[in-house]
Amino acid sequence: MGPALEVADVDHAPKDAERVLAGNIFHRNYVLGARHAGLTLADAATLTAVFRHGSEEISVVSPEELTGHLPTVVARAARLAPLLGRPLSEGDVILLGSIITPRPVIAGEEVSYQLGEDPALVLRFV
């Protein structure tokens, strides 16, 4: 368990569901923070997260508000993965969804995400 930042590129209007799905729902990349072997999903749901974008700061005291109940989301992924041809394995990464409304960024901007007391993940867009 640990923090992650996902990068999406909405390069066309999301009106054509087939095109959106074929493009992996705009997903382009992600960055992972330090893993916490002893951190449970229940523990993670109690951590405060801070997202910074320029001078804006968003504190999230309920990480499950947008993602849903973390154990339920992980259990659903574990049930669905084999149906798609690959069961989950130890060490797999599951991106559980955004805990904030996705933010548009442009070249030259920086975003950071800090979960609990961990060092912040920082991305600068060039």
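Helices (H or I, at least four residues) and strands (E, at least two) are DSSP runs, numbered from the N terminus. This is a predicted model: local features need pLDDT of at least 70, side-chain atom pairs count only at pLDDT 80 or more, and totals for chains, interfaces and linings use all residues. Residues are numbered from 1 along each chain as its sequence is written, and side-chain values use heavy atoms, without hydrogens and water.

**View A. The protein has 4 helices and 6 strands.**
Along the sequence, the elements follow the pattern β-α-β-α-β-β-α-α-β-β. Taken along the principal axes, the C-alpha atoms fill a box of roughly 40 × 40 × 25 Å.

**View B. An open sheet of 4 strands is ordered β4-β3-β5-β6.**
The pairing is antiparallel; two strands pair if DSSP finds at least two bridges between them. β4 (56–60) and β6 (121–124) stand at the edges with a single partner strand each, so one side of each has no neighbour in the sheet. On average, neighbouring strands are turned by 10 degrees against each other, direction ignored. Here axes are lines fitted to C-alpha atoms, for helices over the stretch in contact, and angles run from 0 to 180 degrees between N-to-C directions.

**View C. Strand β3 (residues 49–53) pairs with strand β5 (residues 110–115).**
The two run in the antiparallel sense over 5 bridges. Val50 has Gln114 of β5 as its bridge partner. Ala49 stands opposite Leu115 in β5.

**View D. The β3–β4 hairpin has 2 residues between its strands.**
β3 and β4 pair in the antiparallel sense over 5 bridges. Arg52 has Glu57 of β4 as its bridge partner. Gly54 lies in the loop between β3 and β4 and takes a positive phi near 60 degrees. This glycine, Gly54, is exposed, with a relative accessible area of 65%. Gly54 and Val111 are 57 residues apart in sequence, yet 6.9 Å apart in space, C-alpha to C-alpha.

**View E. The β5–β6 hairpin has 5 residues between its strands.**
β5 and β6 run antiparallel and are joined by 4 bridges. Tyr113 has Leu121 of β6 as its bridge partner. Gly116 takes a positive phi near 60 degrees in this hairpin.

**View F. The largest nonpolar core has 11 residues.**
A nonpolar core is a set of buried Ala, Val, Leu, Ile, Met, Phe, Trp, Tyr and Cys residues joined through side-chain atoms within 4.5 Å. The members are Leu5, Ala49, Phe51, Val60, Ile99, Ile100, Val111, Tyr113, Leu115, Leu121 and Leu123. β3, β5 and β6 are the elements that give two or more residues to this core. β5 gives the most, with 3 residues. The bridge partners Tyr113 and Leu121 are among the core members.

**View G. The largest pocket holds about 1700 Å³ of space.**
A pocket is an open set of points on a 1 Å grid over the protein atoms alone, where a 1.4 Å probe fits, with protein on both sides within 12 Å along at least five of seven lines; lining residues have an atom within 4 Å of a point. Of the 50 lining residues, Ala4, Glu6, Leu95, Leu96 and Gly97 are the closest to the centre. The elements that give two or more residues are β1 (4–8), β2 (27–32), α2 (41–44), α4 (70–80) and β5. β1 gives the most, with 5 residues. By class, the lining has 33 nonpolar, 11 polar and 6 charged residues. Ala, Val, Leu, Ile, Met, Phe, Trp, Tyr, Cys and Pro count as nonpolar, Asp, Glu, Lys and Arg as charged, and the others, Gly among them, as polar.

**View H. The second largest pocket has a volume of about 310 Å³.**
The lining consists of Tyr30, Val73, Ala77, Leu80, Ala81, Leu84, Arg86, Leu88, Val93, Ile94 and Leu95. These divide into 10 nonpolar, no polar and 1 charged. α4 gives the most to this lining, with 3 residues. Leu95 lines this pocket and is also one of the residues closest to the centre of the largest pocket.

**View I. Ala37 sits in the loop between β2 and α2.**
Ala37 is exposed, with a relative accessible area of 87%. Ala37 and Gly2 are 35 residues apart in sequence and 8.8 Å apart in space, C-alpha to C-alpha.

Technical notes
Points joined across faces, edges and corners; volume = space filled by probe spheres on them. Buried < 20%, exposed > 50% of the residue type's maximum accessible area, 1.4 Å probe, protein only.
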